[in-house]
Amino acid sequence: MMAWVFGSLLFWAAAWALNVRLSRLSAPWVRFFVPALFGMTVIIVWEGMVRGFGVNPVLLPAPSAIAATFVGEIPTLWGDLVQTFFKGALSGYVIGCTAGVLTAIAVDRSPFLQRGLLPVGNFVAALPIVGMAPILVMWFGFGWQSKAAVVVVMVFFPMLVNAVEGLRASETMQRDLMHTYAATPGQGLRKLRLPAAMPFIFNGLKICTTLALIGAIVAEFFGSPIKGMGFRISTEVGRLALDMVWAEIVVAAIVGSAFYGAVALAERVITFWHPSQRG
Amino acid sequence: MNNETIPQVDPPKAVVEARGLDLTFQTKDSPIQALKDVSLTIEQGDFVSFIGPSGCGKTTFLRCIAALEQPTGGNLTVNGMTPDEARRSRAYGYVFQAAGLYPWRTIAKNIKLPLEIMGYSRADQDERVKKVLQLVDLEGFGGKFPWQLSGGMQQRASIARALAFDADILLMDEPFGALDEIVRDHLNEQLLKLWERTNKTIAFVTHSIPEAVYLSTRIVVMSPRPGRITDVIESPLPKERPLDIRDTPEFLEVAHRVREGLRAGHAYDD
């Protein structure tokens, strides 16, 4: 049994020594290999400790057990993913972020809305999600629509604030220039204000990716059909099937990172001109 | 010089006409009088420089012509219209202190910006971009982004942008202020050639006496608190001006008069 503990510690020491050496190199693959090796070490030490000390799988299942559950339950996990992420989180994200940007444009055009709407948005943002979620589930039913509604509530305000800030980001001189061209407000928006706002809008979009996933998962705790990542986590905890809970967490981590990465990639392409992206 | 023998068919047309112009900014502490009783006529084809210390209202006057500021008193017409009507009829191009190019657009696309807004056709846009890039000596840089060019090249691109559409007035607010001496000389020379070729009316704000004297047909000396015109100097220099004209006695005499005007108008009370 102790062989697992010592073996994993030995691997840790070896990997550490290797990483120290590798980090001195400047080859491009090192940038990916060093963190990969670190992640592998965490998993192997985890596995070794759980096996070596015989940790109760309810407290902490071994990575191998989680992997086995993951592979064995792929159809279930996929169904949960579609339900929670593609239906709930993604549609709520698109609706909430679009609404945030459109509202920001309206707020930007009208001082009346700026004074009236921003405080209300602030107020809504201050509402606790665990309080709002059951109410929205009551209103919109157990299906993914109520999860999308929770996500909309969560992402709307951060998106609004960032977009309002962004629409103010163009310089006075650039706006004066549009004025000397006798540009219409619409032209000013399309050709100056929106492009100048893009770095801020993407900031909001990136923050909202994680909010959307959290919102959709948490909302399922308050009622959902018999699928969905949040539903699965809450029921499998009840059945002490922690390996399944961990498998869902792995899915959430992968999808969340991929979602964030996709938005960050779009940012690189669209705001290539911004000093932070020129590299 | 046989210019005098050519009969003048049309009397020179007043492009900008200011009569007793006043402008007072309301600030939190106290009202600031930026312009006081400014009267000036700029004629078709003039190259007028405005020179004076900070706060003398030279930029403010230029912004009034561009309808970026509203005078609080007096009368100002541009091409016989109010400044705002002139702005709507796209009567002028404005070059700011900084290039102000949009970083998400290439140089060519930046120059196209006013053309897109004013609804020029695609083919016309391309042709004009090509022409003005040639005028400011930036051929081959149309595909570059502003941040890939030097400050001098960016400023030239911003001038090209102001030249791309058919405005016969060019308003320039210290366009070369942030550039080093060598680049500045070069751009001054190019600007004069450009003015000759295009026959535009140019109003040019500057801090630099040699620049004002080298470029202008008329030099307007202004002084601060309140901003007003203290002297208007007609330049005796010929239209053809190589850079070394700056070492001639005539040039130095004009420069001297400008300096005297600046000194007289500047109260050293602070």
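In which loop of chain B does B:Glu174 lie? Select B:Glu174: the residue lies between strand 6 (169–173) and helix 6 (181–198) of chain B. Helices (H or I, at least four residues) and strands (E, at least two) are DSSP runs, numbered from the N terminus.

This is a predicted model, in which local features need pLDDT of at least 70 and side-chain atom pairs count only at pLDDT 80 or more, while totals for chains, interfaces and linings use all residues. Residues are numbered from 1 along each chain as its sequence is written, chains are lettered from A and ligands numbered from 1 in the order in which they are written, and side-chain values use heavy atoms, with hydrogens and water left out.

**Loops of chain B**

Remain at B:Glu174, where phi is positive, near 45 degrees, in a residue other than glycine. Most residues other than glycine have a negative phi. B:Glu174 counts as buried because its relative accessibility is 13%; buried means under 20% relative accessible area, exposed over 50%, and partly exposed in between (1.4 Å probe, protein chains only).

Next, select B:Asn79, in the loop between strand 4 (73–78) and helix 2 of chain B. B:Asn79 is not a glycine either, and its phi is positive, about 55 degrees. With a relative accessible area of 26%, B:Asn79 is partly exposed.

**The contact between the chains**

Display both chains together. Chain A contributes 18 residues and chain B 26 residues to the contact, where contact means heavy atoms within 4.5 Å. About 2100 Å² is buried between chain A and chain B, 69% of it on carbon and sulfur atoms; buried area is the accessible area (1.4 Å probe) that two parts lose on being put together, summed over both.

How many salt bridges are there between chain A and chain B? The count is 2, a salt bridge being a side-chain nitrogen of Lys or Arg within 4 Å of a carboxyl oxygen of Asp or Glu. To see a salt bridge, select A:Lys191 and B:Glu116, whose closest N and O atoms are 2.9 Å apart.

B:Glu116 is one of the buried residues of helix 3 of chain B. This helix is largely enclosed by the rest of the structure, because 10 of its 11 residues are buried. The cover over these buried residues includes helix 8 and helix 9 of chain A, together with helix 4 (122–135) and helix 5 of chain B. Just after helix 3, B:Gly119 has a positive phi of about 75 degrees.

Now select helix 8 of chain A (residues 172–180), whose buried residues include A:Met173, A:Leu177 and A:Met178. The buried residues of helix 8 pack against helix 9 (185–220) of chain A and against elements of chain B, among them helix 3 (107–117) and helix 5 (151–163).

**The nonpolar core**

Which residues touch the most other members of the largest nonpolar core? In this core of 96 residues, they are B:Phe50, B:Phe61, B:Leu171, B:Val213, B:Ile219 and B:Val258. A nonpolar core is a set of buried Ala, Val, Leu, Ile, Met, Phe, Trp, Tyr and Cys residues joined through side-chain atoms within 4.5 Å. Select B:Ile219: leaving aside neighbours within four places in sequence, its contacts include B:Ile51, B:Val232, B:Ile233 and B:Val254.

**Final stop**

Finally, select A:Val20, found in helix 1 (residues 2–22) of chain A. A:Val20 counts as partly exposed because its relative accessibility is 37%.
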